[in-house]
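Hi,

Here is the structure I promised to pass on.

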Amino acid sequence: MTADRKGLEGDLMHFVQSRGARYTQATLQTDLLESGLLDSLLLMDLIFHIEEAYGVRFDSDQVNPSNFRTIEDTVTFVLKQKSMPQA
Amino acid sequence: MDILLLQIDTVVEGPTVPAAGYRANSPLISTNLAARFLDVAEARSSHPAVATRVGSFSYSWVARAADCVRRYLCSRPQHAAGARVALQLSNSAEYVAAFYGTLLADCVAVPLPISLEERRMREILQLSKPDVLIIKPADFNTSLKYSTPFTLRLAEMSGQQDSLSPPRRQGQDLAMLLFTSGSMGMPKGVMLSHQNLLANADSILHELPISPDDRALVVLPFCHAFGNSILQTHVLAGATLLLDRGLTFPSSILEALRELEATSFSAVPEVYGMLLKYGRLGERPLPALRYMTVAGGELRHDLAAEIARRIEPASFHVMYGQSEATARLASLPPQQLHIRRGSIGRPISGVEFAVMDDSNRELPANTVGMLCARGKNVMLGYWQDPAATADTLSVDGWLRTGDLAHRDEDGFFFLHGRANLLVKVQGHRVHPAEIEGLVEAGFPQTSAVAIATSRGDETRFVLFLAPRDDRPIDVAKIREACQKELPPYKQPLHYEVIERFPLTSGYKIDRAALALLVPGARRVQPDDILTQSP
């Protein structure tokens with residue numbers, strides 16, 4: 001999947017918003033932790049989706065609040081990983 | 001249905017515990033769970049019952065808050081003993097107050113997950129017909145069009161003279177309805193009595209090193225059987241429940257364990273899997289930690305052994321349970337972990353186990369049959385479902401768990417999958433666990449789930465494979481092993497590699513969701529279309 005910021009933002013927003021009524025209000029800047037939206041199930045689904053769709057793999061140090069607090073944070077992380085040569 | 005919003009403006013500590021007020025009217029019934037809570041609250045008055053990073057709520061405060069909830073419920077003109085009160089609250093001091101307040105008002109608590117899908121919510125409300133739904137302002141969903149909510153400010157009514165009668169329900173009276181997924185897709189309400197909840201909590205207090213100075217970091221939602229069990233045991237011990245936000249991340253869990261000086265931690269196998277995969281459990285010491293427990297699913301022996309090794313000298317307790325038995329039924333003593341590989345342990349005190357055949361006759365050691373359990377913790381039955389109750393509970397009190405098991409000569413039990421996953425293939429009975437076990441034994445880096453699927457008129461298996469680590473899955477080798485080890489009717493028709501298995505809200509592998517991923521299966525259920533927004 002293409003990984004320009006706009007496309008990535010749209011894709012991850014859709015991914016989160018389509019999880020149910022509680023999630024439809026989520027925006028790029030919604031604090032997913034403060035709002036209680038990000039549970040471990042969504043976290044694991046997001047990791048799975050990103051790894052599958054964008055070929056970005058997470059190591060244990062990268063599965064942390066600063067990379068997943070908002071959708072924007074996750075987009076930034078994925079773009080950074082995509083711009084680096086993959087191991 | 002009325003809606004009650006619980007709000008905490010400021011936490012004002014006060015010495016008053018209403019237990020004395022109740023006693024003035026008549027003695028509290030010791031087989032009422034809320035009465036036991038009040039006794040503990042009186043004895044542990046200033047000790048924190050619930051603690052977070054920003055503050056704590058003493059037993060005295062929680063007791064006063066629970067009394068506020070009771071007063072509201074009892075003051076409603078339609079108030080009646082046995083009325084259901086739905087609690088849709090995240091883990092919080094409000095939840096604890098609402099739970100015991102509901103029981104103090106002689107009502108029945110119906111805890112619901114806060115993220116419950118609309119359709120499921122409708123079904124449960126229809127089945128249980130609660131008089132009141134208790135929520136927090138933050139969780140208030142304006143799409144609920146039942147009534148104008150009433151806002152109750154917790155623990156502000158301290159010290160009021162009590163003119164209302166103490167709780168009368170006790171023992172075998174219904175205290176709680178716990179909704180679980182039924183095998184037919186509709187929710188089933190497990191009916192738990194005061195006695196069920198008290199008996200199971202007492203058995204666990206006997207089994208685990210839970211002391212009044214225990215500080216349990218809670219990740220399990222209180223609305224689930226296992227989370228409820230953590231709540232009841234720790235409250236009855238007069239211990240502290242540690243709540244923290246953002247425990248989604250393995251690193252956050254480890255941080256919270258360290259910084260909040262947690263002495264214990266309990267979770268389902270998938271959380272331990274995450275702690276091993278993305279956490280760094282064991283790298284930094286957790287000096288306050290005394291023990292961890294796992295239940296709610298089978299944790300593979302090698303993973304259990306790895307966790308036990310990483311948390312030493314704290315102990316790791318593998319437990320087994322079921323909502324129908326309140327929560328937990330068996331426990332493997334930590335020193336037996338390496339001796340009884342894969343065992344769920346022995347029944348905890350007050351619980352009796354037997355492995356039975358289809359005619360409810362007890363089977364000898366080392367023979368696989370239905371695991372049955374008996375004890376004061378076994379549910380009253382399923383809510384308004386006598387047929388399902390009769391299928392599950394025998395007249396002499398045995399609960400058919402639906403799990404297949406054998407016991408060894410020393411009385412330790414071992415699981416062999418779910419009875420209701422048994423599939424008949426060309427007249428042969430096949431259990432998916434047979435195929436899964438073969439693959440996982442030969443390829444420990446691979447998780448395998450076999451799903452029965454129909455091809456024409458026959459039933460066959462599709463084997464789903466997911467990696468446990470970074471190593472790629474060698475499908476050709478796995479297929480070769482299956483062809484070598486299994487008779488043709490047990491061999492999977494297809495092998496599907498996926499990144500990870502879908503999980504149910506109870507963090508178990510969602511076999512129904514996997515079945516939809518079977519090539520050629522209908523992916524969209526009619527019900528899903530109805531609940532999708534345009």
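A word on confidence before the rest: pLDDT is the predictor's confidence in each residue, on a scale from 0 to 100. What you have is a predicted model, and chain B averages a pLDDT of 86, with 87% of the residues scoring at least 70. The scores for the model are ipTM 0.85 and pTM 0.80.

One stretch calls for care. Over residues 522–534 of chain B, pLDDT stays under 50, and the model has six contacts beyond four places in sequence for these residues. Where pLDDT is low, the predicted coordinates should not be read in detail.

Now the layout. Chain B is divided into domain 1 (2–170), domain 2 (205–419) and domain 3 (422–531). The centres of domain 2 and domain 3 of chain B, taken over C-alpha atoms, are separated by 26 Å. Between these two domains of chain B, nine residues of domain 2 are in contact with eight residues of domain 3. On the domain 2 side, the touching residues are two nonpolar, five polar and two charged.

I also looked at a helix pair in chain B. Helix α2 (residues 33–43) packs against helix α4 (residues 93–104) at an angle of about 120°, and their axes are 8 Å apart. The two helices, α2(B) and α4(B), are therefore oblique to each other, and α2(B) passes α4(B) in a left-handed crossing. Which residues meet there? From α2(B) come B:Leu33, B:Ala34 and B:Phe37, and from α4(B) come B:Tyr100, B:Leu103 and B:Leu104. By class, this contact has six nonpolar residues, no polar and no charged.

Best wishes

How values were computed. Residues numbered from 1 in each chain as written. Chains lettered and ligands numbered in written order. Predicted model: local features only at pLDDT ≥ 70, side-chain atom pairs only at ≥ 80, totals over all residues. Domains from an automatic or database assignment. Contact = placed C-beta atoms within 7 Å. Nonpolar A, V, L, I, M, F, W, Y, C, P; charged D, E, K, R; others polar. Axes fitted to C-alpha atoms, helices over the stretch in contact; angles between N-to-C directions. Helix = DSSP H or I, 4+ residues; strand = E, 2+ residues; numbered from the N terminus. Parallel < 35°, antiparallel > 145°, perpendicular 65-115°, else oblique. Left-handed = near helix turned anticlockwise from the far one by under 90°.
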